[in-house]
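These are my notebook entries on one structure. I looked up its strands, one of its helices, its sulfur bridging and a few single residues.

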Amino acid sequence: MLSGALATGAPAQAAAPRPCRTGRKLVPTCGILWGVAPGALTDERGPSALADFERKTGRHQAVFHAYHHGIRQVFPTEQEIAIARQPGRKRILLLNWKPESVSWARIARGDRRTDAFLDRMADHLRRDYREPFFFAIHHEAEDQVRERRGSGYTAKDYAAMFRHVVKRLRARGANNMVTVLVHMAYVPHTTKSWFVDMYPGDDVVDWVGFDTYSYSDPGYGHGDFAELLNRRSAMKPRWPGFYNWVRAHHPRKPVMVAEWGVWFSKRNPGHMAEFYREVGQQIGRFPAIKAMVHFETPSNKKGQDSSVDSTPAALREYRRLGKLPVFQVAVG
């Protein structure tokens with residue numbers, strides 16, 4: 001005999017869907033992590049910029065993206081740790097580091113000063129920050145590749161440098177870092193014969209990321225969300241687009257859009273809002289994407305503005321986008 005609700009003829013209640021959460025290697029159990037590099041390229045790129053961005057966009061950011069250079073200051077900083085541990089608003093740090101001390105080849109061979117910095121970093125992580133975090137090593141490195149023997153900056157030098165950094169940190173107990181290989185996704189670079197030589201190996205790369213932007217004016221980079229992810233070139237018709245390339249070459253790696261945004265144009269002010277609508281409509285076509293991190297700046301080196309509130313309509317659509325169920329992933 002049946003008991004409980006079924007015995008009385010009451011309808012059975014479907015189990016509530018489990019909420020999306022971060023899992024192993026910070027890959028969400030479902031959904032896509034939503035984040036930002038707030039106030040990028042400005043002096044207000046810390047807590048105040050993050051608070052302003054969350055206020056105007058109407059939601060908590062699961063990922064906070066920060067940039068570091070050189071071998072003087074270990075990270076995460078006290079400020080970044082406070083951002084990650086804010087009571088009731090935990091966040092994942094995406095910490096982006098460019099060594100810039102010596103060449104990639106010298107780092108790969110075990111540069112003394114760089115190794116000493118990496119050892120201090122590992123000690124700092126073991127002592128002061130044990131939470132898992134994203135760690136990107138020299139993002140957009142394609143722009144600095146010099147395919148000349150002895151340059152110290154060949155694609156293979158980059159791969160060797162990346163491996164050395166990861167292995168050195170892990171050997172000292174920094175086991176909470178989740179490594180991200182972040183490409184520029186610029187077709188003139190990605191179609192070079194040396195591009196595949198940049199890959200450091202599955203054992204040291206946890207995620208594959210790329211940086212890509214939409215341009216509001218017709219011409220290069222103008223299009224919808226699908227164009228952003230799989231930008232093509234008439235000069236290189238065999239190039240499948242970056243997202244497609246990653247899926248073909250690294251099918252088991254989660255994909256991160258580590259920097260993205262729309263460059264605003266007064267000549268075509270409606271493009272930004274339209275683009276945000278298209279992200280929501282098309283994101284389901286790209287299941288390998290597990291994180292999207294907006295790059296928010298009022299002015300890049302070319303004077304371009306990616307502020308999501310460039311127009312009232314753009315801000316309205318970005319707020320709607322951030323509220324979609326697919327972008328609701330709890331940290332922890």
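I count two residues as in contact when they have heavy atoms within 4.5 Å of each other. The model is predicted, so I note that local features need pLDDT of at least 70, that side-chain atom pairs count only at pLDDT 80 or more, and that totals for chains, interfaces and linings use all residues. Residues are numbered from 1 along each chain as its sequence is written, and side-chain values use heavy atoms, with hydrogens and water left out.

**Entry 1: Leu169 and helix 6**

I began with Leu169, which is found in helix 6. Helices are DSSP runs of H or I with at least four residues, strands are runs of E with at least two, and both are numbered from the N terminus. Leaving aside neighbours within four places in sequence, I found Leu169 in contact with Leu118, Met121, Ala122, Phe135, Ala174 and Met177. Leu169 has 0% relative accessibility and counts as buried. Here buried means under 20% relative accessible area, exposed means over 50%, and partly exposed is in between, with a 1.4 Å probe and protein chains only.

I then checked the helix as a whole. Helix 6 (residues 155-171) has 17 residues and reaches 24 Å from its first C-alpha to its last, close to the 24 Å expected at 1.5 Å a residue. The expected span is 1.5 Å times one less than the number of residues. The buried residues of helix 6 include Tyr158, Met161, Phe162, Val165, Val166 and Leu169. An α-helix has 3.6 residues a turn, so residues three or four places apart point the same way. What covers the buried residues of helix 6 includes strand 3 (92-98), helix 4 (104-109), helix 5 (112-128), strand 4 and strand 5. Just after helix 6, Gly173 takes a positive phi of about 95°.

How many residues of strand 4 are buried? I found that five of the five are, so strand 4 is largely enclosed by the rest of the structure. Phe133, Phe135 and Ile137 point one way from this strand, and Phe134 and Ala136 the other way.

For pairing, I required at least two DSSP bridges between two strands. Strand 3 and strand 4 run parallel and are joined by four bridges, with Leu94 opposite Phe134. Strand 4 (residues 133-137) pairs with strand 5 in the parallel sense, over four bridges. In that pairing, Phe135 stands opposite Thr179 and Ala136 has Val180 as its bridge partner. Strand 5 is also joined by four bridges to strand 6 (residues 207-215), again in parallel, and Val182 stands opposite Gly209 there.

Strand 4, helix 6 and strand 5 make a right-handed β-α-β unit. Right-handed means that, with the strands pointing away from the viewer, the path from the first strand over the helix to the second runs clockwise.

**Entry 2: Asn96**

Asn96 has its place in strand 3 and is buried, with a relative accessible area of 3%. Its side chain makes a polar contact with the side chain of His139 at 3.1 Å. A polar contact is a pair of N or O atoms within 3.5 Å; within protein, one must be able to donate a hydrogen and the other to accept it, and residues adjacent in sequence count only if both atoms are side-chain atoms. Not counting residues up to four places away in sequence, Asn96 touches His65, Ala66, Tyr67, His68, Ala136 and His139.

**Entry 3: the disulfide**

I searched for cysteine sulfur atoms within 2.5 Å, the cut-off for a disulfide, and the structure holds one. Cys20 and Cys30 form it, with their sulfur atoms 1.9 Å apart. Both cysteines lie in the loop between helix 1 (4-7) and strand 1 (33-37), so the pair ties together parts that are 10 residues apart in sequence. The torsion about the S-S bond is about -110°, so the disulfide is left-handed. Cys20 is buried at 14% relative accessible area, whereas Cys30 is partly exposed at 29%.
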